[in-house]
Amino acid sequence: MNYQPRPEDQHFVLDAVLGTTPKLRALAPFAEFDEALQAQLLDEASRFIGEVIAPLNRSGDEDGCRFERGEVTSPPGFADAYRAFWQAGWPALAAAPEDGGQGLPALMTAIVSEWLSASNQGFNMAPGLLHGAYECLKHHGSDALARAYLPKIASGEWLATMCLTEAHAGSDLGQVRTRATAQADGSWRVSGSKIFISGGEHDLSDNIVHLVLCRLPDAPTGPKGLSLVLVPKVLPDGTRNGVHCERIEEKMGLHGSPTCQMRFDEATGWLIGEPNRGLQAMFVMMNSARLHTALQGIGLLDSAWQKADAYARERRQMRAPQAPASRGPNDAADLLIEHPAMRRILDSQRAWIDGARVIAYRTALMLDVAKHDADGATRERAQRWCALITPVLKAACTQQGFQGASECLQVFGGHGYVREWGIEQTVRDARVSMIYEGTNEIQAIDLLVRKVLPDGGTGMGKLLVELRDELEAARDTDADAQRRLAQLRYLTTTVAMAAHANPSLPYEVADDYLRVVMLTLMAWAWARIDVAAASAPEPARWSVPSAAFRRHLLPEFEMRLGMVKRACEAVTAPVAVA
């Protein structure tokens, strides 16, 4: 079955749980944004994605991309679908009107991105970097460079890549060897090789804009000596640049997206930002890119859940422990949905999807607040939220996207392991998101070592207090979430103290600490959902996954909390003297 977006779920989270519209209208660029525009936008996006993009998912996986003599051909239908996609204005939702965009909130782009991932992640890899390339060029590109490239990137007419990784370096960008040398006309000549470049070559757009991380002559060693250069596939005069695709990878999944090995052979480019400050130029897109990767995990998990839920409601296997109302007089077996083991799987994944959406959509809202709010203190709080929460979302949601999809495959039994039902493709496609945009281990280290500990946990503590104050202790679920927020604050202090005794400890416990943070945020999110669900048209839609969250998922909180505590105790316990 093809994925079908369900806008009613988004409307509930946005309006009833988070109350996003008044908060967006308080920001000057979105003063005219209202529920009617939101509904129209999401309804149109769900229709387009369900009718145009989702039907290409399976064929894109089976046909894949073809490579011949340096050129890449996308799967049948992809080029036409992408043309319809950008001409309909979907890539330009959040771009500024002066750049040809629609000036809408980043929150709307986030939801469309989630649906694209759920419906056809191979296709979504093509426009997935446009938002980051747009922000990078808008904030750090010269006026001339912005005039030449920004409108085409904003509209999606030209696609973009990020060329970071090299074969010998992997995630260690400090080892990048690609070089750029200055030319008399102000341009640069770029030479070197990059690997794992999504969409490095294809037939979806007339031009591809590569943002290449490289070194200028006499640059310092390590990451502080990196610069960023814009290198187009086609130069302004219409000639082909010295950019070559040498091969595409044969991958576990995402067969509809070409992952390219690229060679830059004295290719012409132009510097973005200041020399030796390429990583700073890229930083403007970091939180947004991590959020969009997290949304890929949520979307793919929702896709897996839709498939598994539909299958469980039509497939009969054995007798359920208790006779269900759905059992007919001639039925020799009951529906899978009636079996407690299957309900546990399905309701648990639903709980992950719904709770993670609340956190992710709030983060998208905070990106807009951090950018546009008139009050400096409010912008600072929003920036703190984005800095701390985006690595948590990226790691936790992509991990659950893969593991949860694998759980959903279990609902199918042996049928899930064959191609007929499509669930195995979802599992394969979901795995890579745990690796790119910084592996999940790197995200955890970034959170704890670089974001939380430098100020002794003060910033994280302020964020947790803000969440606590949004809850009402008189409600049981709110009180439970408040207790966990307090436990996380104490745990943060404990890790900070233990790190003084053993500076390597944070690197050891970072993954478990990140998981504690995500489960705490989920407890907060479900407390908010429970309040809103009381007046929802169908309360059971939300009460069932809420119960599953507390029964099947939340107990992990104590386990992870205990693991981090024990690691801290091991380095702070007094040494016995003989």
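Predicted model: local features only at pLDDT ≥ 70, side-chain atom pairs only at ≥ 80, totals over all residues.
Reader: How much space lies in the second largest pocket, and which residues are closest to its centre?

Author: The second largest pocket holds about 1100 Å³, a volume being the space filled by probe spheres set on the grid points, which are joined across faces, edges and corners. Of the 46 residues that line the second largest pocket, Ala106, Glu135, Ser288, Leu367 and Lys371 come closest to its centre. Helix H6 (106–124), H7 and helix H8 (143–155) are among the elements that give two or more residues to that lining, and H6 has the largest share, with seven residues.

Reader: Why is helix H7 called mostly covered?

Author: Eight of the 11 residues in H7 (residues 130–140) are buried, and buried means under 20% relative accessible area (1.4 Å probe, protein chains only), so the helix is mostly covered. Among these buried residues are His131, Tyr134, Glu135 and Cys136.

Reader: How do you know that strands E4 and E5 pair?

Author: DSSP must find at least two bridges between two strands; E4 (residues 179–182) and E5 (residues 188–198) have four, in the antiparallel sense, and therefore meet the condition. Thr181 has Arg189 in E5 as its bridge partner, and the two strands form a hairpin with five residues between them, where Gly186 in the turn has a positive phi of about 95°.

Reader: What joins E5 to strand E9?

Author: Eight bridges join E5 to E9 (residues 259–272), and these strands run antiparallel, with Lys194 opposite Met262 in E9.

Reader: What is the volume of the largest pocket, and which helix gives the most to its lining?

Author: The largest pocket has a volume of about 1700 Å³, and of its 49 lining residues, Leu164, Thr165, Tyr436, Glu437 and Gly438 are the closest to its centre. H10 gives the most to this lining, with seven residues, and the lining as a whole divides into 21 nonpolar, 16 polar and 12 charged residues.

Note on methods. Residues numbered from 1 in each chain as written. Heavy atoms only, no water. Buried < 20%, exposed > 50% of the residue type's maximum accessible area, 1.4 Å probe, protein only. 1 Å grid on protein atoms, 1.4 Å probe; cavity = no way out; pocket = protein on both sides within 12 Å on 5 of 7 lines; lining within 4 Å. Nonpolar A, V, L, I, M, F, W, Y, C, P; charged D, E, K, R; others polar.
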